[in-house]
Amino acid sequence: MGKKIARWALWALIAAHVCVIYALSAQDADLSSQTSGRVARVVAQIFTPDFDSLSPAHQESVVESYQFLTRKAAHVAEYAVLAGLIVLALSHNRRGAVFGAMAASLGCAVLDELHQMYSEGRSAQFTDVLIDGAGALLGILAALLLLRLT
């Protein structure tokens, strides 16, 4: 009974995570840029020596340089989490779990990019699907390692 509840909980997490992915892709370009800009600013503060002593214009320049990487890292993280959760939910059949997680993640990535085309100022990017796929692969490997260690 405990494993069954755990599987249902994993599927609930997967559904919630997919909702978050689609909510983020529904943001218009300005809101999306603001969201990633806030994250990029935190990253810049962590990784840029003396960031707070830079002029505001220089700070903005540094934040902008981190923003592209921040956006792509978010794609990797979103799909690593998604694929990892799917592997764990399907762990009773490891081979099927790997195939299912990759297929579901790539399908979700394609639909996400298509959905994004309908958000003002946004577009679909095939490269983002590839980045999402790389994230899914990382999530699958991490989940398999976790399963092997437990």
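Let's start with two helices: the axes of α2 (residues 29-47) and α3 (residues 56-89) come within 7 Å and cross at roughly 110°. That makes them roughly perpendicular (65 to 115 degrees). This is a predicted model, where local features need pLDDT of at least 70, side-chain atom pairs count only at pLDDT 80 or more, and totals for chains, interfaces and linings use all residues. Residues are numbered from 1 along each chain as its sequence is written, and side-chain values use heavy atoms, leaving out hydrogens and water.

Helices here are DSSP runs (H or I, at least four residues), numbered from the N terminus. Axes are lines fitted to C-alpha atoms over the stretch in contact, and angles run from 0 to 180 degrees between N-to-C directions.

Another pair is α1 and α4, which are roughly parallel (under 35 degrees).

| Helix pair | Axis distance | Angle |
|---|---|---|
| α2 (residues 29-47) and α3 (residues 56-89) | within 7 Å | roughly 110° |
| α1 (residues 2-25) and α4 (residues 94-116) | 9 Å | about 30° |

Who touches whom? In α1, V18, I21, Y22 and S25 meet C108, L111, D112, H115 and Q116 of α4, with contact meaning heavy atoms within 4.5 Å. In α2, residues including S32, V39 and F47 meet a set in α3 that includes Q59, Y66 and R71.

α3 also turns up at the largest pocket, giving the most to its lining, with six residues. The other elements that give two or more residues there are α1, α2, α4 and α5 (126-149).

Note on methods
Parallel < 35°, antiparallel > 145°, perpendicular 65-115°, else oblique.
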